[in-house]
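Subject: Structure for your review

Hello,

Here is the structure for you to look over. My notes on it come after the entry.

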Amino acid sequence: MRPWRGPVRAAAFFDLDKTVIAKSSALTFSKPFYRGGLINRRAVLRSAYAQFVYLAGGADADQMERMRKYLSELCVGWDITQVREIIAETLHELIDPLIYDEAADLIEEHHLAGRDVVIVSTSGTEIVTPIGELLGADRVIATRMAVDDDGLYTGEIEFYAYAENKAAAIRELAEAENIDLERSYAYSDSGTDVPMLEAVGHPHAVNPDRTLRKEAAARGWPVLVFSKPVSMRSRMPAIPRPSRSVVAATAVAAGAAAAAAVLWISRRT
């Protein structure tokens, strides 16, 4: 018998690129990586071209494999700490304006309904994790690159979050976290994510490529169109400055708490 792990709940699984954000997250950071000395100008141009091809028609399995091989070879010897610092410094500048307003609305709706939100992306965890935090996601599933004892990328891939691997990771998470996949939702733009969409009871195609559009029509899956990138900052209401009375009340409460702490300590000494 499986040990009890709390109440069964549902989740919403979101692909990242062209589903939640309007571009490829991995390729978007090519210019900051260039400024940081990680790649040369030729690599920047190649990344820009790959971004264009990706946006124009999506990427099939062969193109994704070539991109995977190119990026894994490119990052050999990179310092993981430097990569994380570059991403942290440029995240709001590069990614924040690319987030689809419709996706942000859906994430909020799922949270309000009590569902966990999980970002599932082929991009590396160093990129996906901070984007997930920006979006308010509860967890991320992403590609993990091997790092040696000196903190440098080896070029090997520990886990490739792609196609069937995404679905396997979702099922593994569901088993560990007591998530009912039949009650769960998934969103993606790519035909390579059909296994991920099949893993849940409520699959949705978002801005689907030709393969996924055909699959969605055959299976009766809903098709959504996201077209309004918006900054998350613009969605957040301005935080009003506290009134003087609130500040005063807070100060009194803080003083009372401090006095109580001193009294408690003095009685114990």
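The notes below cover confidence, the sheet, the cores and a few single residues.

This is a predicted model, in which local features need pLDDT of at least 70 and side-chain atom pairs count only at pLDDT 80 or more, while totals for chains, interfaces and linings use all residues. Residues are numbered from 1 along each chain as its sequence is written, and side-chain values use heavy atoms, with hydrogens and water left out.

Confidence and overall content

The pLDDT (the predictor's confidence in each residue, from 0 to 100) averages 82 over the protein chain, and 78% of the residues score at least 70. Residues 237-269 have a pLDDT below 50, and beyond near neighbours in sequence this stretch has one contact in the model; contact means heavy atoms within 4.5 Å.

The chain contains twelve helices and seven strands. These are DSSP runs numbered from the N terminus, helices being H or I of at least four residues and strands E of at least two. Of the 269 residues, 46% count as buried. Buried means under 20% relative accessible area, exposed over 50%, and partly exposed in between, with a 1.4 Å probe and protein chains only. Among contacts with a separation of 6 or more, 64% are between residues 24 or more positions apart.

The sheet

The seven strands form an open sheet with mixed pairing, in the order S4-S3-S2-S1-S5-S6-S7. Strands S4 (153-159) and S7 (223-224) are at the edges with a single partner strand each, so one side of each has no neighbour in the sheet. Two strands are taken to pair if DSSP finds at least two bridges between them.

Three of the pairings are as follows:

- S2 (residues 116-124) and S3 (residues 139-147) are parallel, with five bridges; Val120 is opposite Ile141 in S3.
- S1 and S5 are parallel, with three bridges; Ala12 is opposite Tyr185 in S5.
- S5 and S6 (residues 202-206) are parallel, with four bridges; the bridge partner of Tyr187 in S6 is His204.

S5 is covered on both faces: Tyr185 and Tyr187 are buried on one side, and Ala186 and Ser188 are buried on the other. Helix H6 (residues 101-112) lies across S1 (11-15), S2, S5 (185-188) and S7, and runs at about 165° to S1. That angle is taken between N-to-C directions on a scale from 0 to 180 degrees, using axes fitted to C-alpha atoms, for helices over the stretch in contact.

The cores

A nonpolar core is a set of buried Ala, Val, Leu, Ile, Met, Phe, Trp, Tyr and Cys residues joined through side-chain atoms within 4.5 Å. The largest one has 45 residues, of which Phe14, Phe33 and Ile95 touch the most other members. Two or more residues each come from S1, H3 (41-57), H5 (80-94), H6, S2, H7 (125-135), S3 and S5. H5 gives the largest share, six residues. Leaving out residues up to four places away in sequence, Ile95 touches Ile21, Thr28, Phe29, Ile131 and Leu134. There is also a second, separate core of 22 residues, including Ile170, Ile179, Leu212 and Ala216.

H7 is largely enclosed by the rest of the structure, because eight of its eleven residues are buried. Those buried in H7 include Ile127, Ile131, Leu134 and Leu135. Just after H7, Gly136 has a positive phi of about 80°.

Single residues

Which residues does Met232 contact, apart from neighbours within four places in sequence? They are Asp96, Ile99, Ala104, Leu134 and Leu135. Met232 is in helix H11 (residues 232-235) and is buried, at 10% relative accessible area.

His92 is in H5 and is partly exposed, at 35% relative accessibility. His92 touches Pro97, Leu134 and Arg233, not counting residues up to four places away in sequence. His92 and Leu134 are 42 residues apart in sequence and 8.5 Å apart from C-alpha to C-alpha.

Ser190 is in the loop between S5 and H9 (194-198) and is buried, with a relative accessible area of 9%. Its side chain makes a polar contact of 2.7 Å with the side chain of Thr192. A polar contact is a pair of N or O atoms within 3.5 Å; within protein, one must be able to donate a hydrogen and the other to accept it, and residues adjacent in sequence count only if both atoms are side-chain atoms.

Regards
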